[in-house]
Amino acid sequence: MPKRYFVNKLLSATETNIPLDWNYWRAVLAEYSQLIEDRVPPVPKFADGGLYVGTPGIAYLFYRLMKSPFTASHKDDFISKGIKYITSSQSFVESQRARNATDFIGFILGPAGFQAIAAAFYTVAGDSTKADEHLNHFVNLHTYCSPLYPVSFGGNELFVGRAGYLAGVLWLQKELQKPILPVDKINEICHFIVQDGRKYASVHRSPMPLMYSYYDTEYIGAAHGISAILFVLLCCEDYLSKSPDAERDIKKCVDFILSLQTENGNFPCALDEVDHRRRRDEEDQLVHWCHGAPGVVYMMAKASLRWKDEKYLESCIKCGDVIWEKGLLKKGPGLCHGVAGNGYVFLLLYRLTADEKYLFRANTFAQFMTTPEFKRGARTPDCPYSLYEGLAGTVCYILDLFDPKTAAFPFMDVF
């Protein structure tokens with residue numbers, strides 16, 4: 001079976017850091033941003049796919065560019081371009097309002113994500129009227145997190161479910177520096193997530209006190225899986241402090257997932273792979289943000305900060321080791337299953353440990369994406385200019401390389 005990744009020729013390197021040439025990377029950012037504009041124009045039909053692969057994700061890119069101190073000289077230009085993507089995305093979202101209400105809270109793959117990005121964008125752009133309009137739309141969607149509107153195929157996960165909506169709430173609170181939902185409403189949504197997890201685990205005799213499925217698969221990783229749900233719950237500190245029984249169940253789940261970490265540092269994609277008869281061969285393991293160590297690491301990092309136990313930090317370090325070995329993915333440059341998404345783990349580890357070897361690794365992954373080897377050998381993603389699969393996510397990663405003390409994978413800030 002051919003390898004899923006490029007061989008890392010710097011695997012044994014001992015450097016602690018490499019300097020970044022801003023002039024070089026500024027030219028790369030300009031090239032990538034222009035490609036995105038040219039190939040994904042701001043028209044409503046390209047909004048389908050939400051933040052994941054649609055124009056709302058491109059609007060998020062321009063939000064990041066207009067906020068960055070490294071690109072501040074072009075802020076007005078980024079505002080102008082971003083507004084076009086927000087306007088076209090809004091036209092699409094409004095045309096979809098007759099859909100089933102269970103779609104409404106989708107953050108990565110639904111209208112909730114668009115409303116959050118638009119609220120943050122207009123706030124920074126200085127249009128408080130439009131910012132408030134979109135913020136109110138986002139806040140009002142919380143009613144669809146109630147048990148009256150279950151999403152039968154995955155009502156609690158990150159892309160379309162309650163955990164994603166809460167991730168949006170937490171992101172907006174950091175971006176806008178103010179409460180978005182009352183604490184009791186956040187705690188209520190957490191309660192629904194935990195109750196659903198307990199019910200499912202009981203019915204399906206799960207080895208964990210909480211479990212969830214997405215289209216009948218019990219995923220472990222960040223995309224659709226329990227690790228992202230647990231990560232979001234761990235971020236809701238008031239809920240944990242008021243619900244010790246829930247926190248105990250969450251900890252039991254985290255510890256069980258920790259027990260699944262392989263010798264090389266990776267994790268199975270789903271619970272059915274725990275059975276040795278269905279276990280993937282080592283070379284067939286997925287080392288992606290969506291499935292594997294690059295996504296589970298965020299849950300482990302949050303557990304480390306919450307419970308102050310070294311075993312969770314050790315797990316994070318093991319995740320970094322397998323990513324350094326097998327993370328130069330041939331699937332492309334994106335966040336979900338690409339090199340940039342894997343590189344973000346090194347920026348996380350730098351913030352956790354202050355060890356500069358992780359900056360070296362993060363910078364190495366960025367540089368590799370510009371090499372002829374990568375350009376020749378990498379596959380073209382289905383949506384090569386999008387936030388989660390393509391160059392828009394890569395641009396966010398490059399921006400974060402220049403501010404590693406605040407760098408964070410989009411919508412999954414551990415700190």
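**Reading helix packing and salt bridges**

Guide: In this predicted model, H3 passes H4 in a left-handed crossing.

Visitor: Beyond handedness, what describes two packed helices?

Guide: In general, the angle between the axes and the distance between the axes describe two packed helices. For H3 and helix H4 (residues 75-95), the angle is about 160° and the axes lie 8 Å apart. Angles over 145 degrees count as roughly antiparallel, so H3 and H4 are roughly antiparallel to each other.

Visitor: Which residues of H3 and H4 make the contact?

Guide: H3 contributes Thr-55, Pro-56, Ile-58, Ala-59, Phe-62, Leu-65 and Met-66. From H4 come Lys-75, Phe-78, Ile-79, Lys-81, Gly-82, Tyr-85, Ile-86, Ser-88 and Ser-89. By class, the residues of this contact of H3 with H4 divide into 10 nonpolar, 4 polar and 2 charged.

Visitor: Take H9 and H12: at what angle do they pack?

Guide: Helix H9 (residues 226-235) packs against helix H12 (residues 293-307) at an angle of about 30°, with their axes 8 Å apart. Under 35 degrees counts as roughly parallel, so that is how H9 and H12 run relative to each other. H9 passes H12 in a left-handed crossing.

Visitor: Which residues of H9 and H12 make that contact?

Guide: On the H9 side they are Ser-227, Leu-230, Phe-231, Leu-234 and Cys-235. On the H12 side they are Gly-295, Val-296, Tyr-298, Met-299, Lys-302, Ala-303, Arg-306 and Trp-307. The contact of H9 with H12 holds 9 nonpolar, 2 polar and 2 charged residues.

Visitor: Now the salt bridges. How many does a search of the whole structure find?

Guide: The search finds 15 salt bridges. One of the pairs is Arg-64 with Asp-400, where the closest N and O atoms are 2.9 Å apart. Arg-64 belongs to helix H3 (residues 55-67) and Asp-400 to helix H17 (residues 391-401), so the pair links distant parts of the chain, 336 residues apart.

Visitor: Is Arg-64 buried or exposed, and is Asp-400 buried or exposed?

Guide: Buried means under 20% relative accessible area. Arg-64 is at 15% and therefore buried. Asp-400 is at 6% and therefore buried.

Visitor: Which residue meets Lys-174 in a salt bridge?

Guide: The side chain of Lys-174 meets that of Asp-413 at 3.5 Å, N to O. Lys-174 is in helix H7 (residues 162-176), Asp-413 is in the segment after H17, and the two are 239 residues apart, another link between distant parts of the chain. Lys-174 is partly exposed, with a relative accessible area of 36%, and Asp-413 is partly exposed at 25%.

Visitor: Which parts does the pair of Asp-321 and Arg-361 tie together?

Guide: The side chains of Asp-321 and Arg-361 meet in a salt bridge of 3.6 Å, N to O. Asp-321 lies in helix H13 (residues 310-326) and Arg-361 in helix H15 (residues 357-368), so the bridge ties together parts that are 40 residues apart in sequence. Asp-321 counts as partly exposed at 36% relative accessibility, whereas Arg-361 is buried at 11%.

Definitions and conventions
Residues are numbered from 1 along each chain as its sequence is written. This is a predicted model: local features need pLDDT of at least 70, side-chain atom pairs count only at pLDDT 80 or more; totals for chains, interfaces and linings use all residues. Side-chain values use heavy atoms; hydrogens and water are left out. A salt bridge is a side-chain nitrogen of Lys or Arg within 4 Å of a carboxyl oxygen of Asp or Glu. Helices (H or I, at least four residues) and strands (E, at least two) are DSSP runs, numbered from the N terminus. Buried means under 20% relative accessible area, exposed over 50%, partly exposed in between (1.4 Å probe, protein chains only). Axes are lines fitted to C-alpha atoms, for helices over the stretch in contact, and angles run from 0 to 180 degrees between N-to-C directions. Angles under 35 degrees count as roughly parallel, over 145 as roughly antiparallel, 65 to 115 as roughly perpendicular and the rest as oblique. A crossing is left-handed if the near helix is turned anticlockwise from the far one by less than a right angle, and right-handed if clockwise. Contact means heavy atoms within 4.5 Å. Ala, Val, Leu, Ile, Met, Phe, Trp, Tyr, Cys and Pro count as nonpolar, Asp, Glu, Lys and Arg as charged, and the others, Gly among them, as polar.
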